[in-house]
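Hello,

Here is the structure I said I would pass on. My notes on it come after the file.

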Amino acid sequence: MGRPVHRTARVQSLDRGLAIIEALARERRLLGIREIADELDVSHSTASRLAATLRDRGFLDQERDGGRYALGLRLTRYARLAVAASALEVAARPVIEMLVEELGETVSLGIPVIGSVMVVWSEAPSEGPLRITLEPGTVVRYTSSAAGRAILAAMSPAERDAVLPLGWQRRTTPGGRSLEEFVKELAETIVRGHAIELAEGDPEVASVAVAVHDDEGHVIGALSCSMPIGSASTPRIASVAEALAAGASDIAARRARPGLHRWSIPAIDSISYWTPDLEPVIDELEERLGVRPARGEGGRGTAVLSIGSGSYLLVIGPGTELDADPSGLDHPSLRGWSARVRNFDQCVEAARAAGADFGPVRRAGVDRTDRGSLRWRVAAIDGPLGDLFPRLVDWSETEEHPAATSPGGVKLVAFRGEHPEPELIRSQLDVLGLAADLEVTRGPEPRLWATLEGPNGRVELSTS
């Protein structure tokens, strides 16, 4: 789709204001004016004016009496919009990664904007004779890019007649062709099923593109491949177009089913039940369910009970090796859950792209006295989601999953939660394909309920 546009002259005050927001997001803590000034390399008075302006607009919050600054709640509104708008990008990213590996060329996703196509994601191979890069946000006209031609060709005649004049400029097409001549040539793209643009924005670059449709058949974007023009032979173009067409179909299918579950196969991994006294809870669960949790299966200070479908209840008491501290509780409480995914790294990255504020992936483990060690990787989210949003867990470094070595006969029959902003929770769970696993309704504060059923009957555990 051509070479990226050059950076335009920046508005200095706007650039500095955005740098403040980026610094707060990166540091994940409150910053004072001195720190902000050092970050921007400006005077304290300049930093103070910039931060105060952002505060007055709601983009920053400030401690009382002129204290430190934090990210403002107004950013949350825009983050939610971005989460909703990024569904196509999230669906496309794993497909683009596979296409880059398969084709060895740059692959990009563009979406139609007024009279043009905007690149929302682009990925280049790590090496190659000509490494073409496209910066997200790059805008190219319908008439001067393969992506634009692919989108136009996929539109209905009425749609095309409505939008094409908006993006038409004679100088954007070689030879000074008229709009009518361009439309006639576009018919070849319609018949061929893919668009070709030689010397797209650069005499050394050729591009091939196909349209991406939604589940109702409407064109919503274009998938394109940029390559050295010397390699753009007729057989090569045909093979690239075939791969792009298969990728576009895959994107449409992923987008039609929100989340990553088509390729990550997520499942509830564990539900955590914290208690200040472990033994009485083990006794009570055995009496009410008819199955006794196995002490130590999750490491020191824990007990584990399989609850079906490869999931387990993890009871956490004092002295645990895990990253949990139930010592401040005076009674048992349901305190979060985890989800098991395949393609762990891709899932975490795609979820981050969709707005999930996952911290760094870390390794964890426990040593059991008679059954060997457990080793796993975990990504946990920060922010106002409470215990309702799961940690993501990767067990590929452990041979025996705890659910497989724990007492069975109990199943999880209901799992639900409450949150002041249930739509936010649902949108994040949708990204991972987990919305069906946790029913979330509106409530005054984050809470979880899990209903277990065993030979002796049912037990409901809750956040309290």
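This is a predicted model: local features need pLDDT of at least 70, side-chain atom pairs count only at pLDDT 80 or more; totals for chains, interfaces and linings use all residues.

Residues are numbered from 1 along each chain as its sequence is written, and side-chain values use heavy atoms, with hydrogens and water left out.

There are three aromatic pairs in the structure (ring centres of Phe, Tyr or the six-membered ring of Trp within 6.5 Å; planes under 30 degrees apart are stacked, over 60 edge-to-face, the rest tilted). One of them is Trp337 with Phe415, edge-to-face at 5.3 Å centre to centre and 85° between the planes. Trp337 is in strand S13 and Phe415 in strand S17, so this pair ties together parts that are 78 residues apart in sequence (strands are DSSP runs of E, at least two residues, numbered from the N terminus). Both Trp337 and Phe415 are buried, meaning under 20% relative accessible area with a 1.4 Å probe, protein chains only.

Trp376 and Trp395 have ring centres 5.3 Å apart and planes at 45°, so that pair is tilted.

Arg93 lies over the face of Trp121, 3.5 Å from the ring centre, and the charged end of Arg416 sits over the ring of Trp449 at 4.2 Å from its centre (CZ of Arg or NZ of Lys within 6 Å of the ring centre and within 35 degrees of the ring normal).

Finally, Glu105 counts as buried at 10% relative accessibility.

Regards

Terms used:
Buried means under 20% relative accessible area, exposed over 50%, partly exposed in between (1.4 Å probe, protein chains only). Helices (H or I, at least four residues) and strands (E, at least two) are DSSP runs, numbered from the N terminus.
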